[in-house]
Amino acid sequence: MIDIRMNPIKHKILVMSGKGGVGKSTVACMLAQVLASQSCKVGVVDLDICGPSIPKLLSVEEQVVVNTEYGWKTLLSPHNGIKVMSVGAMLKSDRDSVVFRGPRKTVLIKRFFKDTFWGKLDYLICDTPPGTSDEHLTAIKVLKNVKPDGAIIVTTSQGVSIATVRREVNFCRKMGVKILGLVVNMSTFMCPCCDEVTNLFPEDEIEKLAEEQKIPILARIPVDTRVTSCCEVGRNPVIEHPDSQAIKCMEQLVKSLSNVIDR
Ligand code: ADP
């Protein structure tokens with residue numbers, strides 16, 4: 001069943017981070033939005049079972065998952081028709097907490113891949129929870145035989161964040177997942193008035209790690225208040241602020257990505 005669902009999808013990309021709050025889900029959504037704006041057919045699966053944020057970011061909060069004869073019907077983001085699957089759409093209210101434990105989480109993640117009617121896609125972006133958990137293990141096991149392209153690791157260049165990147169790198173290597181590259185997010189700030197760029201954290205540590213581990217830095221995305229304000233209300237920054245530095249850097253990410261994935 002997994003082959004039937006996953007083979008029509010050209011690229012499956014995991015988006016990971018060592019810790020929370022580094023902008024992983026934001027980058028995953030913006031990546032999907034940029035790809036969709038370039039006429040790609042895109043899906044996003046939210047593997048963060050306990051803290052799903054994708055429904056808000058892709059504005060599908062009001063939709064519910066429907067079971068049809070073809071499988072679970074994906075939610076449809078108004079952002080260029082991105083298909084979405086998330087546990088967030090299975091909760092009665094966004095205040096409900098998800099108290100799924102190991103086996104239930106595993107079953108649900110498997111169903112996201114096997115029982116969802118994704119159809120033909122160019123990209124399936126898999127937003128994972130921070131760290132290395134059951135969710136990652138399950139997704140990697142499920143995807144193993146259908147050749148995922150690999151993982152993008154999102155980080156800031158803060159010391160605490162970099163330490164956790166090493167763990168992600170080791171985890172991916174142990175699990176045989178190709179590391180496509182790093183995305184350094186929110187390490188610089190661009191003034192919305194004068195476009196002056198200020199470094200928030202030194203970048204030499206992350207550069208050292210990338211060099212030492214032979215992992216490319218695919219893109220550096222500055223803090224952009226226009227991104228934050230769009231994300232807060234589920235609007236699409238790619239459509240609303242196409243000329244912003246952050247979106248230009250996301251386009252750079254798509255370009256760099258196309259050089260590291262098999263066509
Ligand atoms: P994570 O998935 O790593 O926990 P989020 O994607 O939820 O992190 O991002 C955390 C916060 O940072 C959110 O409020 C988001 O809008 C903001 N954010 C992330 N990346 C950027 C960016 N490049 N510019 C501005 N705000 C950002």
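**View 1. Valine 183 and its bridge partner in β12.** Valine 183 has alanine 219 as its bridge partner in β12. Strands β10 and β12 (residues 217-223) pair in the parallel sense, over five bridges. Here two strands pair if DSSP finds at least two bridges between them. Strands (E, at least two residues) and helices (H or I, at least four) are DSSP runs, numbered from the N terminus. The model is predicted: local features need pLDDT of at least 70, side-chain atom pairs count only at pLDDT 80 or more, and totals for chains, interfaces and linings use all residues. Residues are numbered from 1 along each chain as its sequence is written, and side-chain values use heavy atoms, with hydrogens and water left out.

**View 2. Strand β10 and its other pairings.** β10 covers residues 179-190. This strand is mostly covered, with ten of its twelve residues buried. Buried means under 20% relative accessible area, exposed over 50%, and partly exposed in between (1.4 Å probe, protein chains only). Strand β9 (residues 150-155) runs parallel to β10, joined by five bridges. Isoleucine 153 has leucine 182 as its bridge partner in β10. Strand β11 (residues 197-199) runs antiparallel to β10, with three bridges between them. Threonine 188 stands opposite asparagine 199 in β11. β10 and β11 form a hairpin with six residues between them. In the turn, aspartate 195 has a positive phi of about 65°.

**View 3. Asparagine 185 and its surroundings.** Asparagine 185 sits in strand β10. Its relative accessibility is 5%, so asparagine 185 counts as buried. The side chain of asparagine 185 reaches the backbone oxygen of valine 22 at 2.9 Å. Leaving aside neighbours within four places in sequence, asparagine 185 is in contact (heavy atoms within 4.5 Å) with Val22, Gly23, Val27, Val154, Thr155, Thr156 and Ile221.

View 4. Buried in α6 are Ser161, Ile162, Thr164, Val165, Glu168, Val169, Phe171 and Cys172. Seen down the axis, these buried residues fall within an arc of 165°, so they line one face of the helix. The arc is taken from the directions from the helix axis to the C-beta atoms. What covers them includes β1, α5, β9, β10 and α7 (204-213). On the other side of α6, Val160, Arg167 and Lys174 are exposed. Glycine 176 follows α6 and has a positive phi, near 70°.

**View 5. Lysine 10 and aspartate 122.** Which two strands does this salt bridge tie together? The side chains of lysine 10 and aspartate 122 meet in a salt bridge of 3.1 Å, N to O. Lysine 10 lies in strand β1 (residues 9-17) and aspartate 122 in strand β8 (residues 121-127), so the pair ties together parts that are 112 residues apart in sequence. A salt bridge is a side-chain nitrogen of Lys or Arg within 4 Å of a carboxyl oxygen of Asp or Glu. By this rule the count comes to nine salt bridges. Lysine 10 is exposed, at 56% relative accessible area. Aspartate 122 is buried, at 17% relative accessibility. Side chains of opposite charge can pair when their charged atoms come close.

**View 6. Lysine 105 and glutamate 135.** These two residues form a salt bridge, the closest N and O atoms of lysine 105 and glutamate 135 being 3.2 Å apart. Lysine 105 lies in helix α4 (residues 102-114) and glutamate 135 in helix α5 (residues 134-143), so the pair ties together parts that are 30 residues apart in sequence. Lysine 105 and glutamate 135 are both buried.

View 7. Arginine 226 forms a salt bridge with aspartate 224, with 3.0 Å between the closest N and O atoms. Arginine 226 is partly exposed, at 26% relative accessible area. Aspartate 224 is buried, at 4%.

View 8. An open sheet of three strands has the order β3-β4-β7 and mixed pairing. β3 (66-68) and β7 (116-117) are the edge strands, each pairing on one side only. Strand β4 (residues 71-73) runs parallel to β7, with two bridges joining them. Tryptophan 72 stands opposite threonine 116 in β7.

How values were computed: A polar contact is a pair of N or O atoms within 3.5 Å; within protein, one must be able to donate a hydrogen and the other to accept it, and residues adjacent in sequence count only if both atoms are side-chain atoms.
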